[in-house]
Amino acid sequence: MNLHEALRAAEDLRAADRPAAAVAAVARRLMRPPRLQRALRGSWLGHPLHPLMITVPIGAWVCASVLDARAGNEEAARRLTGIGLAAAPPTVLLGLADYDRLSRRQQRVGVVHAIANTAALACFTASYAARRQGAHVRGKLLSLLGLTAMGVGGALGGHLAYAQGAGVFRWQRPAEDGTVRPGPSTAVPV
């Protein structure tokens, strides 16, 4: 089985249906106020905000691991790990904002994406705690585990966005020449 087939397998994972429905119900409850929906779903920008926000924790954690490669950067790596942890809750919230709008197959991939990223978040949280206690080698190893889980989660998120088209043309429609422009006829109310 190649990587693409493995990612597609998540689309058919019926065991994810029950957790996916529970996550969608939570997302619907959180997104009840229309103003909150517009703000968090990104309709004002023309595309979802979650893909923009994920760059903050990913960037912080990757940079921390780069700094880990050389002795003497322990404090900077710990701080970057903390920045990634601080950026994680709003990133999760923005992902939840889009979740209930996904199809069943997309929700399956989304819930597996969330599980992988939760594992990554647990690793980075443990890494931060180890680093604060001066256990830098353990912190570095936990960061590497977190990067691995984050890579799996990122691959699933990429599959969700690029292969499954989650959030594509939600608030705009393609023109005949392939460019994208706003279109009220295809706009989805938020």
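Here's a short walk through this predicted model, stop by stop.

**Stop 1: the largest pocket.** Start with the largest pocket, whose volume comes to about 1,000 Å³. It has 37 lining residues, and the ones to select are those closest to its centre: His50, Ile54, Gly95, His113 and Gly157.

Stop 2: Now switch to cartoon and colour helix H4 (50-53), helix H5 (55-68), helix H6 (74-99), helix H7 (104-132) and helix H8 (136-163). Each of these helices gives at least two residues to the lining of the largest pocket.

What classes of residue make up that lining? Colour by class and you'll get 22 nonpolar, 13 polar and 2 charged residues.

Stop 3: Next, pick Cys63 and Cys123. Buried or partly exposed: where does each one fall? Cys63 has 40% relative accessibility, so it counts as partly exposed. Cys123 has a relative accessible area of 17%, and because the cut-off for buried is under 20%, Cys123 is buried.

**Stop 4: Gln37.** Last, jump to helix H3 (residues 34-41) and select Gln37, which sits in it. Gln37 is another buried residue, since its relative accessible area is 14%.

Definitions and conventions: Residues numbered from 1 in each chain as written. Predicted model: local features only at pLDDT ≥ 70, side-chain atom pairs only at ≥ 80, totals over all residues. Heavy atoms only, no water. 1 Å grid on protein atoms, 1.4 Å probe; cavity = no way out; pocket = protein on both sides within 12 Å on 5 of 7 lines; lining within 4 Å. Points joined across faces, edges and corners; volume = space filled by probe spheres on them. Helix = DSSP H or I, 4+ residues; strand = E, 2+ residues; numbered from the N terminus. Nonpolar A, V, L, I, M, F, W, Y, C, P; charged D, E, K, R; others polar. Buried < 20%, exposed > 50% of the residue type's maximum accessible area, 1.4 Å probe, protein only.
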